[in-house]
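The following exercises are to be worked with the sequence and the coordinates at hand. Each task is followed by a solution in steps.

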Amino acid sequence: MNQLTQLLQNDTIKNPSDPFMRHYYLMSLSTLYHLDFLVASIDDQNELIDYFFNISYWQFYDLCLLANVVNMIHVERITPYIFDILKQYATNNMPTASVETVSKILINALETSIIQKKDDFTRYLLDKIKKYKFNTDDFKFQTWLLF
């Protein structure tokens, strides 16, 4: 994973105007951070927050990016985006792949809040998602909640 992250970082330096390459690098970095429960630098967090701030309709790519980097951002900073996604989920028919990704985001956000010891956020998010079908239709989600 370290080698992959280094290769992606080098590619990002060679192609600084390619946001997708930068996102791949940040996702690999997130995996490394997740192994040690680390949070990204403020600059990297700000870069991601700026990207998420400009999203008006969450597409599959945006959801995948958030699902993969949620653990490297302070949970308070991602709260508005999670609730925006839940609002979009509740009002629109998302494709199945997107719904599965929303579930992954919620699981990752809950895990992140536990790791970051943000118990108020954990309780708030658990309470918020009670009304959604994740609790009844997604066995993986149910298993995680049981854990």
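This is a predicted model: local features need pLDDT of at least 70, side-chain atom pairs count only at pLDDT 80 or more; totals for chains, interfaces and linings use all residues.

**Exercise 1: The geometry of helix α2**

Task: Describe what is found at the N-terminal end of α2 and just after α2.

Solution. Step 1: A polar contact is a pair of N or O atoms within 3.5 Å; within protein, one must be able to donate a hydrogen and the other to accept it, and residues adjacent in sequence count only if both atoms are side-chain atoms. Step 2: D18 caps the N-terminal end of α2, with a side-chain oxygen 3.1 Å from the backbone nitrogen of F20. Step 3: P19 lies in α2 and is partly exposed, at a relative accessible area of 40%. Step 4: Between P19 and Y51, 32 residues apart along the chain, the C-alpha separation is 9.6 Å. Step 5: Just after α2, F37 adopts a positive phi of about 55°.

**Exercise 2: The packing of helix α2**

Task: Identify the helices against which the buried residues of α2 pack.

Solution. Step 1: The buried residues of α2 are M21, H23, Y25, L26, M27, S28, L29, S30, L32 and Y33. Step 2: These buried residues pack against α1 (2-14), α3 (42-53) and α4 (60-69). Step 3: On the side of α1, T12 is found in that helix and counts as buried at 10% relative accessibility. Step 4: Neighbours within four places in sequence aside, T12 is in contact with M21, R22 and Y25.

Task: Classify the packing of α2 and α4 by angle.

Solution. Step 1: Axes are lines fitted to C-alpha atoms, for helices over the stretch in contact, and angles run from 0 to 180 degrees between N-to-C directions. Step 2: α2 and α4 pack at an angle of about 30°, and their axes are 8 Å apart. Step 3: That makes α2 roughly parallel to α4, given that angles under 35 degrees count as roughly parallel, over 145 as roughly antiparallel, 65 to 115 as roughly perpendicular and the rest as oblique. Step 4: F20, H23, L26, M27 and S30 of α2 make the contact with Y61, L65, N68 and V69 of α4. Step 5: The residues of this contact divide into 6 nonpolar, 3 polar and no charged; Ala, Val, Leu, Ile, Met, Phe, Trp, Tyr, Cys and Pro count as nonpolar, Asp, Glu, Lys and Arg as charged, and the others, Gly among them, as polar.

Task: Examine M27 of helix α2.

Solution. Step 1: M27 is buried, with a relative accessible area of 15%. Step 2: Neighbours within four places in sequence aside, M27 is in contact with L65, N68 and V69.

**Exercise 3: Residues in and after helix α6**

Task: Is T112 buried or exposed, and which residues does T112 touch?

Solution. Step 1: T112 is found in α6 and is buried, with a relative accessible area of 3%. Step 2: The T112 side chain reaches the backbone oxygen of N108 at 2.7 Å. Step 3: Not counting residues up to four places away in sequence, T112 touches V70, N71 and I73.

Task: Locate K117 and state its phi.

Solution. Step 1: K117 is placed in the loop between α6 and α7 (119-128). Step 2: K117 has a phi near 60°, a positive value in a residue other than glycine. Step 3: K117 counts as exposed, at 68% relative accessibility.

Key
Residues are numbered from 1 along each chain as its sequence is written. Side-chain values use heavy atoms; hydrogens and water are left out. Buried means under 20% relative accessible area, exposed over 50%, partly exposed in between (1.4 Å probe, protein chains only). Helices (H or I, at least four residues) and strands (E, at least two) are DSSP runs, numbered from the N terminus. Contact means heavy atoms within 4.5 Å.
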